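This report describes the fold and local features of a single protein chain. The chain is shown first, and the description follows.

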Amino acid sequence: MSAQGMDPEHRSSNGSASRQDVVDDGFLVLRNRNRRFACYFLLEHETASVSELADVVVSWIHTTDGRIVEPQCREQCYLSLHHTHVPMLVETGVVCYDERAGTVSLAPCPAPIRTLITRACAMETSS
C-alpha cells in the first residue's frame, strides 16, 4: 500500500505511529465507502462476520443509491471486504480479524481514528 501512514519507514524510530500517521490512517480508512460503512456497523455492534458485514454494507450502499441488491453485488462486496478492506482496517489498527472464526471486531484503535469514524458516521447518517 502506498499511503505514508501505513508505510513502516514513515513511523517514528521506536516503531510507533506519529500523530500525523494516525490521522493519515484515519482519513485513509474513511476514504472508501465500504470501509466507512463496515466501521459504522462495528461501532454499533462491536463484532460481525465478514459475511454479515457484506450484507449490511451492500444493503446500505444500494439503499443510498436506490438500487435493488442483486446476488452478484453482495458477492463482490464480500470479496472486496475480505481481500482488500478488512486487511487494510487490520493494518491500520481499526479492527481485529479472527481468521478461524471469520469475525471482525472493532479494535481499541487510536482515539483520533475512532473520533473520525464516529463523526463521519454522524454526518453521513443524519437526516
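At what angle do helix α2 and helix α5 pack, and how far apart are their axes? Helix α2 (residues 33-45) packs against helix α5 (residues 111-125) at an angle of about 100°, and their axes are 10 Å apart. Axes here are lines fitted to C-alpha atoms, for helices over the stretch in contact, and angles run from 0 to 180 degrees between N-to-C directions. The angle therefore makes α2 roughly perpendicular to α5; angles under 35 degrees count as roughly parallel, over 145 as roughly antiparallel, 65 to 115 as roughly perpendicular and the rest as oblique.

On the α2 side, the contact (heavy atoms within 4.5 Å) is made by Arg36, Phe37, Cys39, Tyr40 and Leu43. On the α5 side, Arg114, Ile117, Thr118, Ala120, Cys121 and Glu124 take part. By class, this contact has 7 nonpolar, 1 polar and 3 charged residues. Ala, Val, Leu, Ile, Met, Phe, Trp, Tyr, Cys and Pro count as nonpolar, Asp, Glu, Lys and Arg as charged, and the others, Gly among them, as polar.

The model is predicted: local features need pLDDT of at least 70, side-chain atom pairs count only at pLDDT 80 or more, and totals for chains, interfaces and linings use all residues. Residues are numbered from 1 along each chain as its sequence is written, and side-chain values use heavy atoms, with hydrogens and water left out.

**Overall layout**

The protein has 5 helices and 3 strands, which run α-α-β-α-α-β-β-α from the N terminus on. Helices (H or I, at least four residues) and strands (E, at least two) are DSSP runs, numbered from the N terminus. Among contacts with a separation of 6 or more, residues 24 or more positions apart account for 51%. Of the 127 residues, 37% are buried; buried means under 20% relative accessible area, exposed over 50%, and partly exposed in between (1.4 Å probe, protein chains only).

**Helix α2 against α4**

Helix α2 also meets α4: their axes come within 10 Å and cross at roughly 75°. These two helices are therefore roughly perpendicular to each other. From α2, the contact takes in Asn34, Arg35, Ala38 and Cys39, and from α4 it takes in Cys77, Ser80, Leu81, His85, Met88 and Leu89. Its residues divide into 6 nonpolar, 3 polar and 1 charged.

**The nonpolar core**

A nonpolar core is a set of buried Ala, Val, Leu, Ile, Met, Phe, Trp, Tyr and Cys residues joined through side-chain atoms within 4.5 Å. The largest such core has 30 residues, of which Leu53, Leu81 and Val94 touch the most other members. Two or more residues come from each of α1 (19-30), α2, α3 (50-65), α4 (71-91), β3 (103-106) and α5. The most come from α3, which gives 7 residues. Leaving aside neighbours within four places in sequence, Leu81 is in contact with Asn34, Ala38, Val50, Leu53, Ala54, Val57, Val86 and Pro87.

**Cysteines**

A disulfide is a covalent bond between the sulfur atoms of two cysteines. With a cut-off of sulfur atoms within 2.5 Å, a search of the whole structure finds 0 disulfides. Cys39 is in no disulfide, its nearest cysteine sulfur being that of Cys109, 7.8 Å away. For the sulfur of Cys109, the closest cysteine sulfur is in Cys39, and that distance is too far for a bond.

**Selected residues**

The relative accessible areas of several residues are listed below.

| Residue | Relative accessible area | Class |
|---|---|---|
| Cys39 | 0% | buried |
| Asp21 | 5% | buried |
| Cys109 | 9% | buried |
| Arg74 | 19% | buried |
| Ser59 | 33% | partly exposed |
| Glu46 | 43% | partly exposed |

Ser59 lies in helix α3, and Arg74 is found in helix α4. The two are 15 residues apart in sequence and 8.4 Å apart in space, C-alpha to C-alpha. Not counting residues up to four places away in sequence, Arg74 touches Ser51, Ala54, Asp55 and Val58.

Asp21 is in helix α1. Its C-alpha atom is separated by 9.7 Å from that of Thr92, 71 residues apart along the chain.

Glu46 sits in the loop between α2 and β1 (47-49). Its phi is near 70°, a positive value in a residue other than glycine. Most residues other than glycine have a negative phi.
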